[in-house]
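Open the model in your viewer and keep the selection tool at hand. This tour goes stop by stop.

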Amino acid sequence: MEEVARYWRHAEVPGVDLLRARFVTHRYSRHAHETYTFALIEAGVEVFEYGGSLLRAGTGAVALLNPEVVHTGQAESPAGWAYRVLYPAAEVLAGVAADLGWRRGTPSFPQTVVDDPRSARLLRAAHVAAEHGDRLASSSLLRAALTGLLSAHAGPGRLARPAGPPPRSPAAVRTACDLLTGRLADPPSLDDLALATGMSPFTLLRAFRGQTGLPPHAYLNQLRVRVARRLLDGGVAPAEVAAEVGFADQAHLTRHFKRVMGVPPGAYQRERGAVTHGPAGGRSGQERTRPGLAWAPSLPV
């Protein structure tokens with residue numbers, strides 16, 4: 001079985017590196033990272049020495065390694081293992097902890113290998129978004145993953161104050177919604193939205209979800225699907241619709257469109273009798289008026 005690995009920097013959040021790899025014979029020598037190491041095992045089993053113990057992380061497990069702790073790593077069997085890893089710098093995690101209202105200090109994770117499906121989902125979503133997603137999804141999902149890992153697994157007794165209910169900031173949320181509506185194909189990052197609203201990213205996330213029921217990246221995809229429906233009704237081909245509303249490709253459009261509408265965009269368009277036309281504007285059958293992106297969809301705020 002071939003070994004593959006990719007290591008890169010997070011495009012939107014400084015101080016975060018990522019690794020996606022499948023290893024068979026590779027063995028890590030004893031080493032330590034300046035950063036945290038949050039790894040999701042997607043296949044196989046990794047065994048590793050950590051803090052004087054030999055640990056085992058199987059498929060679906062999440063490994064939570066603190067900075068500067070010496071460890072190793074290798075496959076348990078000839079089948080190897082595959083995993084996704086986030087390497088956030090200590091100051092990145094400390095910043096998220098501060099947003100949560102935690103006391104000053106470096107968060108630590110007392111349990112190294114956890115079987116927690118929610119943490120696994122959060123970590124995987126953040127990693128996939130950083131690999132393939134847009135700016136807003138990658139930054140929002142990363143913060144959600146780090147918040148979830150801290151809340152579920154970091155050492156107890158660090159809360160300086162309760163988080164309290166989501167803040168009510170209608171003007172700030174409306175500003176963020178307007179920015180997302182106007183930039184479907186080139187959305188701002190979470191940090192950009194926070195700067196525009198004068199809020200911290202964490203506070204904006206809580207306020208936005210509290211008032212719309214969705215985090216900003218999910219709200220953006222709802223807007224994209226609504227505009228996509230208008231374009232499909234106007235006869236625009238699904239591949240072109242995907243590009244115009246900001247999805248990476250037609251498969252990306254199809255995935256989100258089906259989640260909302262229950263059917264893929266091509267089937268939706270055929271059943272509604274829309275006549276497709278390409279970028280050059282050639283049409284057949286009944287003429288359709290193509291809606292522009294100036295149309296502003298609305299979601300409750």
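Predicted model: local features only at pLDDT ≥ 70, side-chain atom pairs only at ≥ 80, totals over all residues.

**Stop 1**

The crossing of α4 past α7 is right-handed. Now show side chains. From α4, pick Cys177, Leu180 and Thr181. From α7, pick Pro216, Tyr219, Leu220 and Leu223. These residues make the contact. Colour them by class: six are nonpolar, one is polar and none is charged.

**Stop 2: a roughly antiparallel pair**

Next, select α2 and α3. Their axes cross at roughly 155° and come within 8 Å. The two helices are therefore roughly antiparallel, since the angle is over 145 degrees. Here the crossing is left-handed. On the α2 side of the contact, select Arg118, Ser119, Leu122, Leu123, Ala125, Ala126, Ala129 and Ala130. They meet residues of α3, among them Ala137, Leu141, Ala144, Gly148 and His153. By class, this contact of α2 with α3 holds 13 nonpolar residues, four polar and one charged.

**Stop 3: the largest pocket**

Where is the centre of the largest pocket? Select Asn221, His252, Arg255, His256 and Arg259, the lining residues that lie nearest to that centre. In total, 24 residues line this pocket. The space inside is about 570 Å³. What classes make up the lining of the largest pocket? Ten nonpolar residues are joined by seven polar and seven charged ones.

**Stop 4: the second largest pocket**

Move on to Arg118, Ala144, Thr147, Leu205 and Arg209. They lie nearest the centre of the second largest pocket, which 19 residues line. Its volume is about 480 Å³. Which element gives the most to this lining? Highlight α3, which supplies seven residues. Besides α3, the elements α2, α6 (201–212) and α7 each supply at least two. The lining of this second pocket divides into nine nonpolar, five polar and five charged residues.

**Last look**

Keep Arg118 and Ala144 selected. Both belong to the contact of α2 with α3, and both lie among the residues nearest the centre of the second largest pocket.

Conventions:
Residues numbered from 1 in each chain as written. Heavy atoms only, no water. 1 Å grid on protein atoms, 1.4 Å probe; cavity = no way out; pocket = protein on both sides within 12 Å on 5 of 7 lines; lining within 4 Å. Points joined across faces, edges and corners; volume = space filled by probe spheres on them. Nonpolar A, V, L, I, M, F, W, Y, C, P; charged D, E, K, R; others polar. Helix = DSSP H or I, 4+ residues; strand = E, 2+ residues; numbered from the N terminus. Left-handed = near helix turned anticlockwise from the far one by under 90°. Contact = heavy atoms within 4.5 Å. Axes fitted to C-alpha atoms, helices over the stretch in contact; angles between N-to-C directions. Parallel < 35°, antiparallel > 145°, perpendicular 65-115°, else oblique.
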